Amino acid sequence: MIKSLMSNDRHLRYKIIEDNEDYLVVDKAPGVNLHRNQHAQSLIDVLHADFPGESLHLVHRLDDATSGLLLIAKNPLAAAEFGRLFATREIEKFYFALADGKPIKKQGMVVGDIKKSRSGSYLLSRTRSNPSTSQFFSFAIKDGRRAYLLKPHTGKTHQLRVVMKSLGVPILGDRRYGPGTQDSDRMYLHAMALRFHFRGSERRYLCVPHDGEAFVDGALQPVLLDCQSPWDIKWPSLK
């Protein structure tokens with residue numbers, strides 16, 4: 001059940017998807033910063049204010065421009081368990097993205113090292129010393145635009161943004177990796193679903209994208225409907 005808890009600061013908006021004794025699942029709005037950096041306040045600051053007395057631990061991260069599901073542990077034991085689950089790749093993550101143009105391939109796997117470039121961005125290398133691994137399916141929408149259901153198996157910096165650029169279709173609105181997409185109202189990457197086992201039971205969370213003109217386009221809704229059980233899709237084996 002979605003609780004209608006919302007930050008008072010319109011720039012640090014979020015909704016609570018799950019709130020139990022061990023963790024929160026937050027639906028983060030696009031553009032919300034997790035850390036202060038050059039900002040006066042962060043989402044974590046807001047959550048500490050909204051959950052006074054709780055010991056909150058950020059156990060995974062989303063880029064500021066990315067919206068969607070974010071896990072936050074509420075005690076050190078839960079944080080340690082999530083750290084183990086992420087390290088052993090036992091948490092399934094599914095993302096939804098939009099891009100214009102024709103990709104190099106319409107579905108499959110992208111594997112390679114992600115290396116930092118001179119510009120401060122990252123790029124996909126053909127080497128595989130410590131590779132990122134991502135799987136994806138794509139779906140035609142209209143006017144040359146496609147939707148992408150992405151399943152990263154690793155958690156490298158900017159991984160999916162770099163993967164999409166390597167396919168020749170940078171994410172719509174990605175100002176760093178898609179210089180021709182600046183006019184978009186947001187970066188169209190959304191952390192849509194999580195699945196994992198915790199304390200003896202399976203947990204599933206789904207939050208379809210709802211923020212952004214292109215995400216609420218009627219032509220996209222049948223595709224979103226088809227992707228609402230991403231864990232039931234027959235993803236090819238990694239072997």
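**Helix pair, charges and packing**

Mentor: R84 and E81 both sit in helix α2, three residues apart, which is about one turn of the helix. Helices here are DSSP runs of H or I with at least four residues, strands are runs of E with at least two, and both are numbered from the N terminus. Keep in mind it's a predicted model: local features need pLDDT of at least 70, side-chain atom pairs count only at pLDDT 80 or more, and totals for chains, interfaces and linings use all residues. Residues count from 1 along each chain as its sequence is written, and side-chain values use heavy atoms, leaving out hydrogens and water.

Trainee: OK, so what do the side chains of R84 and E81 do?

Mentor: They meet in a salt bridge, 2.9 Å from N to O. The cut-off is a side-chain nitrogen of Lys or Arg within 4 Å of a carboxyl oxygen of Asp or Glu.

Trainee: And how does R84 count, by relative accessibility?

Mentor: R84 counts as partly exposed because its relative accessibility is 39%. E81 is partly exposed too, at 23%. Buried means under 20% relative accessible area, exposed over 50%, and partly exposed in between, with a 1.4 Å probe and protein chains only.

Trainee: Which residues of α2 are buried, then?

Mentor: A78, A79, F82, L85 and F86. They span an arc of only 125° around the axis, so they end up on the same side of α2. That arc is taken over the directions from the helix axis to the C-beta atoms. On the other side, P76, L77, A80 and A87 are exposed.

Trainee: What do the buried ones pack against?

Mentor: Strands β2 (23–28), β3 (57–58), β4 (67–73), β5 (92–100) and β11 (189–198). Contact there means heavy atoms within 4.5 Å.

Trainee: What else does E92 meet?

Mentor: R195, in a salt bridge of 2.5 Å, N to O. That one links distant parts of the chain as well, with R195 in strand β11 and E92 in strand β5, 103 residues apart. R195 is buried, like E92. A network of salt bridges links E92, K151, R195, E202 and R204.

Trainee: New topic: which residues are buried in helix α1?

Mentor: In α1 (residues 43–50), they're L43, I44, V46 and L47. Down the axis of α1 they fall within an arc of 160°, so they line one face of the helix. Their cover includes β1 (14–19), β2, β3 and β4.

Trainee: Zooming out, how many helices and strands are in the chain?

Mentor: Four helices and twelve strands. The radius of gyration is 17 Å, close to the 18 Å the globule rule gives for 239 residues, so the chain is as compact as a globular protein of that length. The radius is taken over C-alpha atoms, and the rule is 2.2 Å times the number of residues to the power 0.38.

Trainee: And what share of the residues is buried?

Mentor: Buried residues make up 50% of the 239. Among contacts with a separation of 6 or more, 59% come from residues 24 or more positions apart.
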